[in-house]
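Please open the model in a viewer and keep the sequence panel beside it.

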Amino acid sequence: MIPVLLICIPLFTGIIACFLPNAKTAKSWALLASIATLAVSLLSIGLQKSSSQLMFDASWLPLLGSRFTVSLDGMGTMITLLTAISFPVIFVGTYQNSYQKPGAFYGLMLLSQAGLMGVFCAADLLLFYFFWELALIPVYFLCSIWGGEKRIAVTFKFFIYTFAGSLLMLLGILYVYMQSPSHSFAAANVTNIIWAEGSQNSVFWLFFIAFAIKMPIFPFHTWQPDTYEQAPTAVTMVLSAVMVKMGIFSVIRWLLPMFPDASAHFSHLVILLCVIGMVYASLIAIKQDDVKRLIAYSSIAHIGLMGAAMFTANASAIQGVMFQMFAHGINVIGLWIVADVIEKQTGTRKFSELGGLAQTSPSLAILLVIMALANIALPLTNAFIGEFLMFSGLFTYNVWLATAALVSIILAAVYTLWMVQKVLYGENKDVATLTVKLPVGTRLMLIVLVVVIFAFGVFPQPMINLTTGMVSSITAQIK
Amino acid sequence: MSTFSQLVYLIPLFPLVGFLINGLARNSLSKSLIGVIGSGSILSSFILSVLIFTEVNAPGFSPVVVKLFTFINVPDFEIDFSFRVDQLSTLWLLIVTGIGFLIHVYSASYMYNEGAPHFARFFAYMNLFVFSMLLLVLGGNYVIMFIGWEGVGLCSYLLIGYWFKNNDFNYAARKAFVMNRIGDVGFLLAVFWLLAKLGTVDYTLVFEKASTLSTFDVTAITMLLFVGAMGKSAQIPLYTWLPDAMAGPTPVSALIHAATMVTAGIYMIVRSNVLYTMAPVTQGLIAIIGLATAVVAATIAIKQNDIKKVLAYSTVSQLGYMFLGLGVGAYTGAVFHVFTHAFFKALLFLGAGSVIHAIHNEQDIRKMGGLKKHMPITHVTFLLACIAISGIPPFSGFFSKDEILAGAYSANPVYWVVGVITAAMTAFYMFRLYVMTFQGKFRGTSEQEHHLHESPAAMTIPLIVLAILSVVAGLIGIPEVFASNAHWLQQFLSPIIAKPHEGHALSHSTEYMLMGASVGVALLAIVFAWITFSKKPALVDATGAGKFLANKWYVDELYDMSIAKPVQKLGSFFNNIIEKNIIDGLVNGVGKSIQYAGRQIRLVQSGQVGSYILIMVLSLVLMVILVFYGNNLNPIINAIFK
């Protein structure tokens, strides 16, 4: 029942939220709903792995051979937990922001959460596609209605990108369906097709491009900085903390098991693209003058590492990806919250206009520095564990690619500390306006995130244990 | 017999707690309480370190590994969060906590003019620095060492940029971090290499299994680790951050240069001496890099006018010596020099701080002079340190430097010659510094002169303690020629070091001759410097070759031109050309043509949102068609994909 609850709570509360008239009610309603989801998600960790509570199966579209099958394994539990944590943190962290038509805003946010939960739980390929779209559609509306000045053009670009990906994936799904002997979309079925040699190769790309756009992997990434910049920050947080994980998750859940041969065959190319993307995005990040765009490019670089690590077929690397999905989600929310507070209170995101905030807002400075350190994967922060495992796996795969990829951690220090310096240090240019007071909720959420960052940085093993089983079954499948 | 050793985790815990208290309660604590917490935590660690030392020094001691918990456990490897107590780590514990404590006490007075929250911030960073260094030293494997390794990098960043209003300082801080990061990448690669080949990073297991490594592997691993050491210990080509690190408050420099951070590279290589002894190629490179660093830094130090810059380049140069020692296999000599250098370099920096304090933040030695009558304690202690670093017997620097030079001679006499020339330069620039600061007449403003004063006891007592240690610390390593079996340090470290270096193969007469030559040259340099600068202090800007040295061989400019600028340019090129025009241009082209097509069929008039819904609906229709009639389309689809 748990997966069903994870999907249904945000779905129904989201629909109701759309009809709530005033801002306060909508905010509280959304917050309560997301906390309820979080409670259910926390419950799922306590359960035994094979518990029947973690599975649900019902007839859905019998004509199509598709069933409503949802289940949670270690990876699913981990990523739904991330989703469940993210939403209340985002709601509280941006509590002071006000929106026109608040009911619709929060309703769409919750609907998107429902879609995300569905993507992470679905064990049926068509159902997966359904939820994939359910997660994305609300985001189009959120961006195009509540976004910044250039929202229409940017949302259109975002839409074209992801929609192109979705279409390709849909074609791929149908092709796989045709190939499966019993004409069914069930995960067990589509991952056990016996392919003639080389026949996986073209269909591999249909899925890969869809996932690559979502992550995004170079050169499919240019929607991302624009969208992150223009979307309302709460939506940007959902996009970067959880939604990009859809791409990574789907590669591990679907792509690798469905097309193990093609994945191995193209791994060189994919990893090369990812590594190029890491260095490329890091170099671009150095030249940004905007907090949000810097975080966006930094995020592309970090995701690139996860992309490369997934395709190494190395257990440590894939373990690292699992760990990093969670860690990156937590850390990037922290960065966005800080960026949002700074923008809302100073009226600018430009480095050239900021400076000296450490003088007037010491708590903000401390929290931003910690988030920055997590962003450069300093040891004892959670990101170090993930990156360490991924780099060690990548090293086993290929020494030179690992070395090239490691250049990005030097560059990460360059641009992250540049951001810290430009925002916090130097003389305060205008003490009257350049002051940031952290609202209580925001401060509280940042502290929670800091605790999570260090907790998993010092004691990573529980999180690793959660996904060990999944990692060994994946590596067995693709070997 | 290892009761205290089992409690080793308390040693880093005390400074960590100090960091947390001072950091979190910075707004509510009084300055004296902050100072007591900051210094007290280090003192507690020092006391425990001494107790552990007595256990380690007792006969029959075997290394103690205290495992706290399993840090990372994946199928390919397991990494424990464990601490290792043995001779090497204990020695470093004493240096880090002992000198660290003195520097903390000194800071409580030196930084007293800061506002309480900043005072607390300072002590919090200092405690965190010591904590990181202790993790680095105590770690039972390379990963725990790496935690401390990056941790000290972070703390140096925070402390160099402590006065964050000044953007020059912020740049210096960032430069330190980034240069260290470059080294860290080398360290990380070495760790991955070890994991890939041996499946472990635990010291005991790595050294046990080291013989299974191929020569290529062991050379690569040691080279990569050495890259890490270049960053942390400021060797060519990654040394330029250390002189800039002077931007931090003076006690920070003392901490970085003497007790923590820069000695990390030497610690790591001595820790890995089993591997290095297997890789003669790496050793040769280390010796050459060390020697080159020693010479280059010494030439630069001769022409610097900032009191802290002279000391900074002298540190770089002395570290070069230590690496020379490591490169020729004189591991004990290198450790010995770390030990003695820690005392006199801490003393020099704290003395410089005392001077800077007295003349209201003036650091230019051209505007000093004649301070000996105003600051007797600072003067005497500083002079003792200068004698010690110049290698004059029986001061401590003599013994440790001599041991390295003897090792260098038996490896290659050319190393020895260059080493002695460097020693002469060292003596020269140290006494240039001393004479221009303390002798002659005061050259500052009369207002400054009026305020000249000796520093308070909290500052002078650490100076006196360090001065005594700088004088006598050499006694732990009396060479064989003077008395047999009197080299306590060598006996103490013998379980750690795979095989003793060959320096002792030298005949006694050769050794006396070498000593005589290096001491004679150093004395000459001192006399020369004294005569030159007490008569006529060098007050004008250098010209010609001197200008080249004063500008530090233009290495910063070279790096800026060959690395920093091209990276920035590449970033701009990617950002402005590739990203905006090529990739985005393609995508926008696709988008525009869709919009164009949409306008042509006049279906998208209701605005963008409408068009999305339309396309969604169309796609769903397509999906349904495909699904229902899919079987009929099968041959077509198959044809497309085949």
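With which residues is Phe220(A) in contact, leaving aside its neighbours within four places in sequence? Select Phe220(A) together with Ile209(A), Ala212(A) and Ile213(A), which are those contacts; two residues are in contact if their C-beta atoms, placed from the backbone, lie within 7 Å.

Before going on, some conventions are needed. The model is predicted: local features need pLDDT of at least 70, side-chain atom pairs count only at pLDDT 80 or more, and totals for chains, interfaces and linings use all residues. Residues are numbered from 1 along each chain as its sequence is written, while chains are lettered from A and ligands numbered from 1 in the order in which they are written.

**First stop: a loop of chain A**

Phe220(A) sits in the loop between H8 and H9 of chain A. Helices (H or I, at least four residues) and strands (E, at least two) are DSSP runs, numbered from the N terminus. Phe220(A) counts as buried because it has 24 C-beta neighbours inside 10 Å. A residue is buried if 20 or more other C-beta atoms lie within 10 Å of its own, exposed if 12 or fewer, and partly exposed in between, with C-beta atoms placed from the backbone. Select Lys350(A) as well: its C-alpha atom is 26 Å from that of Phe220(A), and the two residues are 130 apart in sequence.

Remain in this loop and select Pro216(A), which is found between helix H8 (200-214) and helix H9 (223-230) of chain A. A cis peptide bond, with omega about -5 degrees, joins Met215(A) to Pro216(A). Next select Pro219(A), also in the loop between H8 and H9 of chain A. The bond between Phe218(A) and Pro219(A) is a cis peptide bond with omega about 0 degrees.

**Second stop: two crossing helices of chain A**

Show H8(A) and helix H11 (residues 260-286) of chain A. Their axes come within 9 Å and cross at roughly 80 degrees; axes are lines fitted to C-alpha atoms, for helices over the stretch in contact, and angles run from 0 to 180 degrees between N-to-C directions. H8(A) is therefore roughly perpendicular to H11(A), given that angles under 35 degrees count as roughly parallel, over 145 as roughly antiparallel, 65 to 115 as roughly perpendicular and the rest as oblique. From H8(A), select Gln200(A), Asn201(A) and Phe204(A); from H11(A), select Asp261(A), Ala262(A), Ser263(A), His265(A) and Phe266(A), and the contact is complete. By class, this contact of H8(A) with H11(A) has 3 nonpolar, 4 polar and 1 charged residues. Ala, Val, Leu, Ile, Met, Phe, Trp, Tyr, Cys and Pro count as nonpolar, Asp, Glu, Lys and Arg as charged, and the others, Gly among them, as polar.

Turn to helix H11 (residues 250-259) of chain B. Is this helix enclosed or open? It is largely enclosed by the rest of the structure, because 10 of its 10 residues are buried. The buried residues include Thr250(B), Leu255(B) and His257(B), and the buried residues of H11(B) pack against helix H4 (87-110), helix H5 (116-138), helix H6 (142-160), helix H15 (307-327) and helix H16 (331-358) of chain B.

Now select Met261(B), which follows H11(B) and lies in the loop between H11 and helix H12 (264-271) of chain B. Its phi is near 55 degrees, a positive value in a residue other than glycine. Met261(B) is buried, because 28 other C-beta atoms lie within 10 Å.

Ala234(B) likewise has a positive phi, of about 55 degrees, although it is not a glycine. Ala234(B) is placed in the loop between helix H9 (215-232) and helix H10 (241-244) of chain B, and counts as buried because of its 32 C-beta neighbours inside 10 Å.

Select Thr422(B) in helix H19 (residues 413-438) of chain B. Thr422(B) touches Ala294(B), Val295(B), Ala298(B) and Ser317(B), not counting residues up to four places away in sequence. The C-alpha atom of Ser317(B), 105 residues apart along the chain, is separated from that of Thr422(B) by 8.3 Å.

**Last stop: where the chains meet**

Show both chains: the contact takes 54 residues from chain B and 56 residues from chain A. On the side of chain B that touches chain A, H25(B) gives the most, with 14 residues. That side divides into 32 nonpolar, 15 polar and 7 charged residues.
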